[in-house]
Amino acid sequence: MTDLSGQQNIERSWDRAEGSSFGQWMDSRVARFSTRKYDWNALKFQADHDPKYRRAQMRYIGTGGTGVASDSSVIPSEHFTFSTMIIPAGHEGPPHLHVDVEEVFFVLRGKLKLVLEKDGERYETVLTERDVVSIPPGVYREEINIGEEDALMCVMLGAKTPVRPTYPADHPLAKIKRD
């Protein structure tokens, strides 16, 4: 049994706003595709370095791991973030790691080559429609669209505000400072 008595006065993002109806509360917990926009600028600093890194994020719950500070259209998060990502054909997400969180990729459409590395060991696989991978913290990951169409995937990170990802020391993006 867990004693939650000390946590009763902690305000959480899922708490019902005082004076709101149940319907208003639940409406605040719904993010509709029709109100989302793909954010091609979330990772623009990478695409500015090399156009092959151009991709877009559509945020639903929390702002994700891209470093976007705020997005008033998302459902606030307590323990994870959830977004979709488009990676155009021939484009890729550069090798990066999250030191603090597990990251999940669920492919909805397309064909992605996934490259994972840790401590000099390398693993490669191809993910296609409805394949999922859970990547532990501290493992470098790189997603390469090897298909002929845009790849669409869901991305989930295991923290409300993940630490920004880092790049391998010898990668050109490791030297770029993000605003």
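**Figure 1. Surface and overall build of the predicted chain.** The chain exposes about 10,600 Å², and carbon and sulfur atoms supply 52% of this area. Accessible areas come from the Shrake-Rupley method with a 1.4 Å probe, and for residues only the protein chains shown count as cover. This is a predicted model, in which local features need pLDDT of at least 70 and side-chain atom pairs count only at pLDDT 80 or more, while totals for chains, interfaces and linings use all residues. Residues are numbered from 1 along each chain as its sequence is written, and side-chain values use heavy atoms, with hydrogens and water left out. Along its principal axes, the C-alpha trace spans about 50 × 35 × 35 Å. Of the 179 residues, 41% count as buried (under 20% relative accessible area, with exposed meaning over 50% and partly exposed in between; 1.4 Å probe, protein chains only).

**Figure 2. The helices and strands of the chain.** Two helices and nine strands make up the secondary structure. Helices (H or I, at least four residues) and strands (E, at least two) are DSSP runs, numbered from the N terminus. Along the sequence, the pattern reads α-α-β-β-β-β-β-β-β-β-β.

Figure 3. Two strands pair if DSSP finds at least two bridges between them.

**Figure 4. Strand 2 and its pairing with strands 1 and 9.** Strand 2 (residues 81-87) pairs with strand 9 (residues 151-157) in the antiparallel sense over seven bridges. Within this pairing, threonine 81 stands opposite leucine 157 in strand 9. Strand 1 and strand 2 also run antiparallel and are joined by five bridges, and isoleucine 61 stands opposite phenylalanine 82 in strand 2. Strand 1 is mostly covered, since six of its six residues are buried.

Figure 5. Leaving aside its neighbours within four places in sequence, valine 133 is in contact (heavy atoms within 4.5 Å) with Glu103, Val104, Phe105, Leu114 and Leu127. Valine 133 and phenylalanine 106 are 27 residues apart in sequence, and 6.7 Å separates them in space, C-alpha to C-alpha.
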